[in-house]
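User: I would like to look closely at one part of this protein, namely its aromatic rings and what surrounds them. Please take me through it step by step.

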Amino acid sequence: QLQLVESGGGLVQPGGSLRLSCAASGFTLGSYVIGWFRQAPGKEPEGVSCIGTSGRDTSYTDSVRGRFTISRDSTKYSVYLQMNSLEPEDTAVYYCAVQRPGYYCSAYFIKTDFYGPWGQGTQVTVSS
């Protein structure tokens with residue numbers, strides 16, 4: 001059974017940082033494009049970032065570019081999302097997901113239709 005588990009969320013003040021982790025069980029994470037998504041209360045899910053299998057190809061939504069960095073560790077079979085300069089607008093449940101075969105990491109494909117399975121999510125709250 002393919003499972004993804006996110007961790008690293010929490011409460012942070014504006015301007016602070018968090019590092020989210022995405023770990024997999026039941027399959028090798030390094031073989032897939034991985035995406036990070038977020039969903040704020042009352043809003044549709046939003047694609048945040050993705051990373052290709054080699055780790056060289058990355059993409060970010062405009063609102064986080066320059067503040068967030070996605071990376072992967074092939075030895076630990078994990079994908080990370082380093083979030084700096086956090087803003088209250090970043091408050092959401094963050095999910096990682098596996099991209100379905102036949103696509104690649106790009107801004108166009110950071111959409112929920114192209115990803116699955118999903119983790120259970122981790123809450124990020126940015127508030128003073």
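Is Tyr115 buried or exposed?

Analyst: Tyr115 is buried, since its relative accessible area is 0% and a residue counts as buried under 20%. This value, like the others below, was computed from a predicted model.

Tyr115 also has an aromatic partner. The structure holds nine aromatic pairs. In one of them, the ring centres of Phe37 and Tyr115 are 4.9 Å apart and the ring planes stand at 70°, so this pair is edge-to-face. The reasoning rests on a cut-off: planes over 60 degrees apart count as edge-to-face. Because Phe37 belongs to strand E4 (residues 34-39) and Tyr115 to strand E10 (residues 115-118), the pair ties together parts that are 78 residues apart in sequence. Phe37 is buried as well, with a relative accessible area of 1%.

A second pair is formed by Tyr108 and Phe109. Their ring centres lie 5.1 Å apart and their planes are at 80°, so this pair too is edge-to-face.

Lys111 lies over the face of Tyr108, at 4.1 Å from the ring centre. Elsewhere, the charged end of Arg19 sits over the ring of Tyr80, 3.8 Å from the centre of that ring.

The backbone nitrogen of Ala107 is 3.1 Å from a polar atom of the Ser59 side chain. Ser59 itself is part of strand E6 (residues 58-60), and at 10% relative accessibility Ser59 counts as buried.

The largest pocket has a volume of about 150 Å³. It is lined by 13 residues, and those closest to its centre are Arg38, Ala40, Lys43, Glu46 and Glu89. Sorted by class, the lining comprises eight charged, three polar and two nonpolar residues.

Technical notes:
Residues are numbered from 1 along each chain as its sequence is written. Side-chain values use heavy atoms; hydrogens and water are left out. On a 1 Å grid over the protein atoms alone, a cavity is a set of points where a 1.4 Å probe fits but cannot get out, and a pocket is an open set with protein on both sides within 12 Å along at least five of seven lines; lining residues have an atom within 4 Å of a point. Grid points are joined across faces, edges and corners, and a volume is the space filled by probe spheres set on the points. Ala, Val, Leu, Ile, Met, Phe, Trp, Tyr, Cys and Pro count as nonpolar, Asp, Glu, Lys and Arg as charged, and the others, Gly among them, as polar. Rings of Phe, Tyr and Trp (its six-membered ring) pair if their centres lie within 6.5 Å; planes under 30 degrees apart count as stacked, over 60 as edge-to-face and the rest as tilted. Helices (H or I, at least four residues) and strands (E, at least two) are DSSP runs, numbered from the N terminus. Buried means under 20% relative accessible area, exposed over 50%, partly exposed in between (1.4 Å probe, protein chains only). A charge sits over a ring if NZ of Lys or CZ of Arg is within 6 Å of the ring centre and within 35 degrees of the ring normal. A polar contact is a pair of N or O atoms within 3.5 Å; within protein, one must be able to donate a hydrogen and the other to accept it, and residues adjacent in sequence count only if both atoms are side-chain atoms.
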